[in-house]
Amino acid sequence: MLAGWLFGLAIVAMIMIFAVLTRTHEHPERGVAVPLIDEGSSALATALAIFLPAAVAIWMRRRKPALWQAAAVHALAAPLYTVLHIAGFVLLRMVAYAAFLDKAYNFGPFASEFLYEGAKDVPAYAFGAMTAWLVLRWRAPLAKSVVAADEPASLDIRDGARLVRAPFAEILAVRSAGNYVEFILADGRRPLMRSALGALEARLAPLGFVRTHRSWLVNTARVTGLKPEGSGDYAVELGDVEAPLSRRFREVLAVLRP
């Protein structure tokens, strides 16, 4: 995410420089101090607030929410982004105006100014969220190749006092079982290990495991078929084992289809 933030920061900096030059050119008699403080404070506030759309993008990539859930979160996050941006630059301008211009900063009529800033901030929020999402999507294959190169060929499953060493290629699927996860192995064994499914997903995703259901991970290399279950759901066939594929995870369907 650092790469995405730096990319966004570069764009914000270019916009700030352009705005300062434009305002100085149009009103040279006013000097450069006010435009520099105004645009610089807005840029700094944006650089901090941009973490909000980035966080939403990370949430979307990890959780893969339904369309209505994603829309609801964006509908709440966009105005919050505006509030953070305005609060940030107003505070900075109040300090800078008092320190460097020896006068108070006046934000103006709150309602009209909030709507004005919001009209600019909503597209900025959308751009930040889209940029973060694209960076995450772009970096995923790179991370996958790096982690896969360093990853051992097997996983040590601590089933109580027993240690089961299972080659990744022999793990058909992993499913949540309360505070445990159950590994479904190709030889029929089903050892249990105390762990959260999300923690295992982070480790196994670079090795070709995908979440098909809130309680299931499957090894894409061991998928032998897909069976429609109605209402957009599928059953993922892994030999004699079947795992559910919820319609919530539409992106996975494209990965599993030949």
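## Helices H2 and H4

The axes of helices H2 and H4 come within 8 Å and cross at roughly 145 degrees. Keep in mind as you look around that this is a predicted model. The crossing of these two helices, H2 and H4, is right-handed.

Which residues of H2 and H4 meet? On the H2 side they are Ala 33, Val 34, Ile 37, Asp 38, Ser 41, Ser 42, Leu 44, Ala 45, Thr 46 and Ala 49. Their partners in H4 are Tyr 81, Leu 84, His 85, Gly 88, Phe 89, Leu 92, Arg 93, Ala 96, Tyr 97, Phe 100 and Leu 101. Sorted by class, this contact of H2 with H4 has 14 nonpolar, 5 polar and 2 charged residues.

## Helices H3 and H4

Now follow the chain to helix H3, which covers residues 51-63, and helix H4, which covers residues 67-101. Their axes lie 9 Å apart, and the two helices pack at an angle of about 165 degrees. Angles over 145 degrees count as roughly antiparallel, which means that H3 is roughly antiparallel to H4. H3 passes H4 in a right-handed crossing.

From H3, the contact is made by Leu 52, Pro 53, Val 56, Trp 59 and Met 60. H4 brings Gln 69, Ala 70, Val 73, His 74, Ala 77, Leu 80, Tyr 81 and Leu 84. In this contact of H3 with H4 you will find 11 nonpolar and 2 polar residues, but no charged ones.

## Helices H2 and H3

Are H2 and H3 roughly parallel or roughly antiparallel to each other? Their axes cross at roughly 20 degrees and come within 5 Å. Angles under 35 degrees count as roughly parallel, and H2 and H3 are therefore roughly parallel to each other.

Ala 47, Leu 48 and Ala 49 of H2 make this contact with Phe 51, Leu 52 and Pro 53 of H3. The contact of H2 with H3 has 6 nonpolar residues, with no polar and no charged ones.

## The second largest pocket

Next, look for the second largest pocket, with a volume of about 820 Å³. It is lined by 37 residues, and the closest to its centre are Ile 15, Ser 42, Thr 46, His 85 and Asp 121. Two or more lining residues come from each of helix H1 (2-26), helix H2 (33-49), H3, H4 and helix H5 (110-150).

Which helix gives the most to this lining? H5 does, with 10 residues. By class, the lining of the second largest pocket divides into 22 nonpolar, 7 polar and 8 charged residues.

## Val 223 in its loop

Finally, find Val 223, which sits in the loop between strand S7 (216-219) and strand S8 (225-230). Leaving aside neighbours within four places in sequence, Val 223 is in contact with Val 236, Glu 237, Leu 238 and Leu 256. Val 223 and Ala 243 are 20 residues apart in sequence, and their C-alpha atoms are 9.8 Å apart in space.

Note on methods. Residues are numbered from 1 along each chain as its sequence is written. This is a predicted model: local features need pLDDT of at least 70, side-chain atom pairs count only at pLDDT 80 or more; totals for chains, interfaces and linings use all residues. Side-chain values use heavy atoms; hydrogens and water are left out. Axes are lines fitted to C-alpha atoms, for helices over the stretch in contact, and angles run from 0 to 180 degrees between N-to-C directions. Helices (H or I, at least four residues) and strands (E, at least two) are DSSP runs, numbered from the N terminus. Angles under 35 degrees count as roughly parallel, over 145 as roughly antiparallel, 65 to 115 as roughly perpendicular and the rest as oblique. A crossing is left-handed if the near helix is turned anticlockwise from the far one by less than a right angle, and right-handed if clockwise. Contact means heavy atoms within 4.5 Å. Ala, Val, Leu, Ile, Met, Phe, Trp, Tyr, Cys and Pro count as nonpolar, Asp, Glu, Lys and Arg as charged, and the others, Gly among them, as polar. On a 1 Å grid over the protein atoms alone, a cavity is a set of points where a 1.4 Å probe fits but cannot get out, and a pocket is an open set with protein on both sides within 12 Å along at least five of seven lines; lining residues have an atom within 4 Å of a point. Grid points are joined across faces, edges and corners, and a volume is the space filled by probe spheres set on the points.
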